[in-house]
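Reader: I have a structure open and would like to go through it with you. Can we take it piece by piece?

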Amino acid sequence: MNILPIIENNINMRHIETVAECLRDGGIVVYPTDTVYAIGCDAMNNQAIERICTIKDMKSAKTNLSIICADISDVAQYAKFDNTQFRLMKRYLPGPFTFIFTALSKLPKAFKGRRTVGIRIPQNEIALAIVRELGHPILTTSVPGKDEDYRSEPSLIAEALDGKADIVVDAGRGSVTPSTVIDCTGDEPVVVRQGAGVFEG
């Protein structure tokens, strides 16, 4: 387990390159977002996605998977949305929201049974720097566990995920409040989980 200290307002790009290289090699990484610490992998690596699903015990094909994109222009490659939904993303992203859209075929086969994809563009420069360095999205899900101290402290996360994750990015204590999830697959957006983001429609 490699623990890399990275401060959001003074990002060490060598560490970011190390994280991206790990992801390219199929590795599993824990990193900060604008909400909770997340665990993720290269979103184009099906084998790595299956590792994440095993760690999180996400066995059902109906379990939503989410990706972090560098910006909204990238989202169009992986999700289907209309002009109204585009404006909605422009209003709330980057920010503590996950928008659920119909998934496009460019995503790997782990997404095929799910039909939808969650889209995240967090307001966190470390997470975005990792995505930019990798060159395409990372799969993202909150670190497993119910204990708030464990989920917010990188050292405790590293201890719990030793042998499962390859790198933990230590950016200090994180939040315990997840993103607000908005389902955009119907006629109107629906809040399916209230989290850190305040959604006004």
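Reader: What is the bridge partner of valine 29 in strand 3?
Author: The partner of valine 29 there is glycine 40. This is a predicted model, where local features need pLDDT of at least 70, side-chain atom pairs count only at pLDDT 80 or more, and totals for chains, interfaces and linings use all residues. Residues are numbered from 1 along each chain as its sequence is written, and side-chain values use heavy atoms, with hydrogens and water left out.

Reader: What counts as a strand, and when do two of them pair?
Author: Strands (E, at least two residues) and helices (H or I, at least four) are DSSP runs, numbered from the N terminus. Two strands pair if DSSP finds at least two bridges between them.

Reader: How many bridges join strand 2 to strand 3?
Author: Three, and the two strands run antiparallel. They form a hairpin with six residues between them.

Reader: And on to strand 8, what is the bridge partner of glycine 40 there?
Author: Threonine 140. Strand 3 and strand 8 are antiparallel and joined by five bridges.

Reader: Is strand 3 buried or exposed?
Author: Five of the five residues of strand 3 are buried, so the strand is largely enclosed by the rest of the structure. Buried means under 20% relative accessible area, exposed means over 50%, and partly exposed is in between (1.4 Å probe, protein chains only).

Reader: What about threonine 35, where is that?
Author: Threonine 35 sits in the loop between strand 2 and strand 3. Its relative accessible area is 5%, so threonine 35 counts as buried.

Reader: Which residues does threonine 35 touch?
Author: Leaving out residues up to four places away in sequence, threonine 35 touches Pro96, Arg120, Ser175, Thr177, Pro178, Ser179 and Ala196. Contact here means heavy atoms within 4.5 Å.

Reader: Helices next. How many residues of helix 5 are buried?
Author: Seven of the ten residues of helix 5 (residues 125–134) are buried, so this helix is largely enclosed by the rest of the structure. They are Ile126, Ala127, Leu128, Ala129, Ile130, Val131 and Leu134.

Reader: What do those pack against?
Author: The buried residues of helix 5 pack against several elements, including helix 1 (13–24), strand 3 and strand 8.

Reader: What happens at the ends of helix 5?
Author: At the N-terminal end, asparagine 124 caps the helix, with a side-chain oxygen 3.0 Å from the backbone nitrogen of isoleucine 126. Just after helix 5, glycine 135 has a positive phi of about 100 degrees.

Reader: And helix 2, which residues are buried there?
Author: In helix 2 (residues 46–55) the buried ones are Asn46, Ala48, Ile49, Ile52, Cys53 and Ile55. They pack against strand 3 (38–42) and strand 8.

Reader: What follows helix 2?
Author: Aspartate 57 follows helix 2, with a positive phi near 55 degrees. Aspartate 57 is not a glycine, and at 52% relative accessibility it counts as exposed.

Reader: Changing topic: what is the volume of the largest pocket?
Author: About 440 Å³. Among its 23 lining residues, the closest to the centre are Ser66, Thr140, Thr141, Ser142 and Arg193. A pocket, on a 1 Å grid over the protein atoms alone, is an open set of points where a 1.4 Å probe fits, with protein on both sides within 12 Å along at least five of seven lines; lining residues have an atom within 4 Å of a point. Points are joined across faces, edges and corners, and a volume is the space filled by probe spheres set on them.

Reader: Which strand gives the largest share of that lining?
Author: Strand 8, with four residues.

Reader: How much space lies in the second largest pocket?
Author: About 160 Å³. Its lining includes Asp82, Cys184 and Gly201.

Notes
A polar contact is a pair of N or O atoms within 3.5 Å; within protein, one must be able to donate a hydrogen and the other to accept it, and residues adjacent in sequence count only if both atoms are side-chain atoms.
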